[in-house]
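Please walk me through this structure in the viewer, one selection at a time. For each stop, say what to select and what is found there.

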Amino acid sequence: MDTALKDRVVLVTGGSTGIGAATALAYGREGARVALTYRSKSRSGDEVASRIEAVGGRALTTHLDLEGLDTVERAVGAVVDRWGGIDVLVANAVHWGGDGPPHPDIRFEDVPLEEWQSMIGANLIGAAAQVKAVLPGMRSRGWGRIVLISSSVAEEGVPGPGPYGTAKSGLHGLARSLAWEAGRDGILVNVVAPGLTLTDSRPPLPAAVVHGFATRTPTRRLSDADDVAKLVVFLGSGANGNLTGEVIRDGSAAARAPHPGG
Ligand SMILES: NC(=O)c1ccc[n+]([C@@H]2O[C@H](COP(=O)([O-])OP(=O)(O)OC[C@H]3O[C@@H](n4cnc5c(N)ncnc54)[C@H](OP(=O)(O)O)[C@@H]3O)[C@@H](O)[C@H]2O)c1
């Protein structure tokens with residue numbers, strides 16, 4: 001399949017680890033120029049960039065922090081300064097809040113409203129800020145692909161606090177509206193909603209937990225970051241001719257059950 005990504009400029013936010021790193025590398029293998037952002041792990045970002053260059057791609061790393069939305073404009077500006085524009089946005093960066101994925105033992109009423117504001121500000125408005133920053137350039141070139149990374153939690157819920165899943169479900173509405181508004185300019189926008197995904201960044205889960213979730217999926221296995229990356233690359237490429245406004249769940253998400261965060 002021809003992804004028509006050679007020399008296209010791709011911005012993968014949150015590309016220093018996990019799904020974002022696998023996605024950035026997958027775009028690099030397609031010959032794209034890949035910009036990836038990190039928040040705290042600049043060294044991890046540089047390692048991903050080196051791996052992209054080792055497979056013949058071109059890469060740059062830049063800082064982006066969803067808790068400071070001015071950094072979104074700056075990151076996009078850095079990419080445009082280097083390469084002249086952005087053809088593909090993968091809005092993958094996530095502000096987990098606290099110490100990581102949502103904790104099932106936290107009661108809804110114990111979550112301060114400030115936490116709601118912070119999670120929705122970073123994960124929903126932060127995604128809108130990324131889209132807003134790249135859209136004018138895509139419109140002027142009459143071509144663009146946007147992939148927003150959500151979570152199965154957006155539709156299935158998860159025991160514990162609600163801000164993470166609520167912010168992610170907002171991405172689905174954003175994509176559906178934006179698909180209508182930007183489609184006339186050749187811009188396709190879709191959401192990928194992974195379920196529990198095995199990544200290099202997640203502390204190892206007990207084998208029994210992995211097995212338990214895997215047996216509830218059609219394929220009897222959980223996705224890894226490369227599985228999600230391949231799906232993202234298809235949606236965010238020339239191989240995607242006219243699919244827009246959709247939420248695509250992967251095999252792990254088909255478990256249709258709350259999982260331990262993410
Ligand atoms: N893993 C799963 O099971 C799973 C399931 C469903 C959905 N997802 C979604 O998939 C995406 C990637 O998840 P992942 O598990 O691969 O995550 P991850 O490995 O924890 O990586 C998160 C990325 O986001 C960056 N980041 C963290 N806080 C940030 C902030 N405040 N502002 C900007 N960037 C920030 C990190 O940068 P630094 O490391 O440099 O700080 C890193 O590059 C997320 O959108 C997540 O919601 C994941």
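Predicted model: local features only at pLDDT ≥ 70, side-chain atom pairs only at ≥ 80, totals over all residues.

**Stop 1: α4 and α6**

Select residues 113-141, which form helix α4, together with residues 163-183, which form helix α6. The crossing of α4 past α6 is right-handed.

Now show the side chains between the two helices. On the α4 side, the residues that meet α6 are E115, W116, M119, I120, N123, L124, A127, A128, V131, L135 and R139. On the α6 side, they are P163, Y164, T166, A167, G170, L171, L174, L178, E181 and A182. Coloured by class, this contact shows 15 nonpolar, three polar and three charged residues.

**Stop 2**

Keep α4 on screen and select H95, in the loop that runs between β4 (88-91) and α4. Is H95 buried or exposed? Its relative accessibility is 12%, and the cut-off for buried is under 20%, so H95 counts as buried.

Display what surrounds H95. Apart from neighbours within four places in sequence, H95 touches L66, E67, S118, M119, A122 and N123. Two of these, M119 and N123, were already on screen as α4 residues that meet α6. For S118, draw a distance to H95: the two side chains make a polar contact at 3.4 Å.

**Stop 3: R176, on α6**

Return to helix α6 and select R176. With a relative accessibility of 40%, R176 counts as partly exposed. Beyond its neighbours within four places in sequence, R176 is in contact with G245, E246 and V247. What lies 2.6 Å from a polar atom of the R176 side chain? That is the backbone oxygen of G245.

From C-alpha to C-alpha, R176 and D227 are 24 Å apart in space, and they are separated by 51 residues in sequence.

**Stop 4: α1 and α8**

By class, the contact of α1 with α8 contains nine nonpolar, two polar and one charged residues.

**Stop 5: two backbone angles**

The last selections concern phi. Most residues other than glycine have a negative phi.

Select D7 first, in the segment before β1 (9-12). D7 is not a glycine, yet its phi is positive, at about 70 degrees. D7 counts as partly exposed, at 32% relative accessibility.

Then select R220, in the loop between α7 (207-214) and β8 (223-224). With a relative accessible area of 56%, R220 is exposed.

Definitions and conventions
Residues numbered from 1 in each chain as written. Heavy atoms only, no water. Axes fitted to C-alpha atoms, helices over the stretch in contact; angles between N-to-C directions. Helix = DSSP H or I, 4+ residues; strand = E, 2+ residues; numbered from the N terminus. Left-handed = near helix turned anticlockwise from the far one by under 90°. Contact = heavy atoms within 4.5 Å. Nonpolar A, V, L, I, M, F, W, Y, C, P; charged D, E, K, R; others polar. Buried < 20%, exposed > 50% of the residue type's maximum accessible area, 1.4 Å probe, protein only. Polar contact = N/O pair within 3.5 Å; in protein donor to acceptor, adjacent residues only side chain to side chain.
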